[in-house]
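Two packed helices are described by the angle between their axes and the distance between the axes.

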Amino acid sequence: MFRNVMAIERALGTGIIISSSKPIPQRVEQRIRAFVEEYESALSRFRTDSLVSRMACAEHGGDFEFPTWAQPLFAIYDEFYAATHGAFDACVGADLLALGYDNSVQFVPESAGSASKDSVSGSWANYSRALPVTWADISRDNGGTTLHTSQPVQLDFGAAGKGYFVDFVTQILKDELGGEMPANSDLPSDCDFLVNAGGDMRACFSKENNQIKVALENPFDTTQAVGVASIASGALCASSAARRRWKVKGANCLADNAFESNLIATHLINALDGTPSQKLSASWTYVPAKTCDFPTAYADALATALFISSETNLQKIVQTTGAEFAVILPNHALRKTSAFPARFFAE
C-alpha cells in the first residue's frame with residue numbers, strides 16, 4: 001500500500017515518517033521541512049529563539065504575535081481548558097520545567113522507574129508549587145493570534161501541538177499530491193498516505209474501505225502489544241505513562257522540603273495541582289477525518305485529557321468529533337467505547 005517513505009529526523013522532538021503510495025517530490029519535501037522550521041520557531045519551548053521562549057523570558061510580559069495558522073490551535077486549547085475546568089492547560093510548561101523536563105532530561109523505561117503505587121502517591125502528596133499563570137490569564141483580541149501577557153509565561157503545546165502539526169502536513173500533502181478532489185470528500189483522489197509523528201498518526205485513503213492496522217503498545221511492557229487497531233481515513237493518537245518518564249531532581253522542584261530523588265515524573269500533568277496524573281496507564285483515541293477540520297489535534301488532545309479529567313467533562317467534545325477511545329487503568333483493567341476500531345488481546 002505504502003511503497004514510498006520520507007523521514008524527518010528529530011522534528012518536533014520525535015521525528016516524522018510519511019509513508020505514501022506515490023513518491024513525494026523534492027519540492028513537497030522541502031515545503032514540509034520549511035513548515036517544520038516555522039512551526040518549531042513559533043511553538044517549541046526547547047528552542048531559545050522561539051516565540052514561546054521569548055514569552056518565558058519577558059520579565060514584564062508583552063504582546064506576542066503568533067502566525068495566523070496558530071489560531072485554530074489556540075481555539076482547541078480554549079475548548080479543552082473549559083471542558084476540563086482548567087486541568088488541560090498550555091501553561092503546564094512551568095510545571096514541566098520545575099520537575100526537570102528540559103533539554104537535559106534523561107528518560108527512564110517504565111520497568112526501571114517503577115515504584116509502588118502507595119509510595120509514588122505519598123511522595124506527590126508532599127509536592128507544592130507556586131500558583132501558576134493559567135491559560136485563562138492570557139488574553140487575545142477577538143480570538144486572534146496575538147497573546148497578551150503581564151509576566152513571564154512558560155507555554156507547552158505538547159498536549160495537542162504535535163497532532164495539530166500532523167493535520168497541517170496532511171493538508172500540504174493533499175494539496176500537492178491529491179490532484180482534483182471528489183465532491184464532498186476528505187480524501188485525495190489518487191493518493192494514499194500516512195503521517196506518523198511519534199505515534200500520533202493520520203491516514204488518508206482514496207477508497208473509503210481502505211484501512212491500516214496499527215499495534216497498540218502495552219504500557220506495562222513496551223516490547224509487547226495489547227491489541228491491534230484498524231483505522232480508515234482519520235487520526236489515531238495515544239498517551240502513555242511508560243515512555244516519557246524521568247527521575248525528579250530535588251533542585252528543580254518547588255517543594256516545602258527536600259524531595260526524594262527517586263520520584264518518577266511523566267509529561268501528563270494535571271494543571272490543577274501541577275503533578276503527573278496517575279489515573280490511567282495508557283489511552284488511545286480515534287477521530288474520523290470527516291468530523292472536524294483537525295482530527296489529529298483533537299485525537300491528540302483527547303488522549304491527554306482522558307488522563308487528567310473525567311469522561312463526563314469530555315463528552316461534548318467526544319460527540320462533536322465522533323471520537324472513539326480506549327483506556328487502560330493501572331490495575332490493567334480495560335475500558336473502551338463500543339465503536340473503538342481495535343481488537344484487544346485480553347478481551
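This is a predicted model: local features need pLDDT of at least 70, side-chain atom pairs count only at pLDDT 80 or more; totals for chains, interfaces and linings use all residues.

The crossing of α7 and α8 is right-handed. On the α7 side, Gly161, Lys162, Gly163, Tyr164, Val166 and Asp167 make the contact. Pro295, Thr296, Ala297 and Asp300 meet them from α8. By class, the residues of this contact are 4 nonpolar, 3 polar and 3 charged.

Helix α7 also packs against helix α1, which spans residues 26-43. Here the angle is about 155°, and the axes lie 11 Å apart. α1 and α7 are therefore roughly antiparallel to each other as well. The crossing of α1 and α7 is right-handed. From α1 come Arg27, Val28, Arg31, Ile32, Phe35, Val36 and Tyr39. From α7 come Gly161, Tyr164, Phe165, Phe168, Val169, Ile172, Leu173, Asp175 and Glu176. This contact holds 11 nonpolar residues, 1 polar and 4 charged.

The two pairs are set out below.

| Helix pair | Angle | Axis distance |
|---|---|---|
| α1 and α7 | about 155° | 11 Å |

Gly161 and Tyr164 of α7 are in the contact with α8, and Gly161 and Tyr164 are also in the contact with α1.

Conventions
Residues are numbered from 1 along each chain as its sequence is written. Side-chain values use heavy atoms; hydrogens and water are left out. A crossing is left-handed if the near helix is turned anticlockwise from the far one by less than a right angle, and right-handed if clockwise. Helices (H or I, at least four residues) and strands (E, at least two) are DSSP runs, numbered from the N terminus. Contact means heavy atoms within 4.5 Å. Ala, Val, Leu, Ile, Met, Phe, Trp, Tyr, Cys and Pro count as nonpolar, Asp, Glu, Lys and Arg as charged, and the others, Gly among them, as polar. Axes are lines fitted to C-alpha atoms, for helices over the stretch in contact, and angles run from 0 to 180 degrees between N-to-C directions. Angles under 35 degrees count as roughly parallel, over 145 as roughly antiparallel, 65 to 115 as roughly perpendicular and the rest as oblique.
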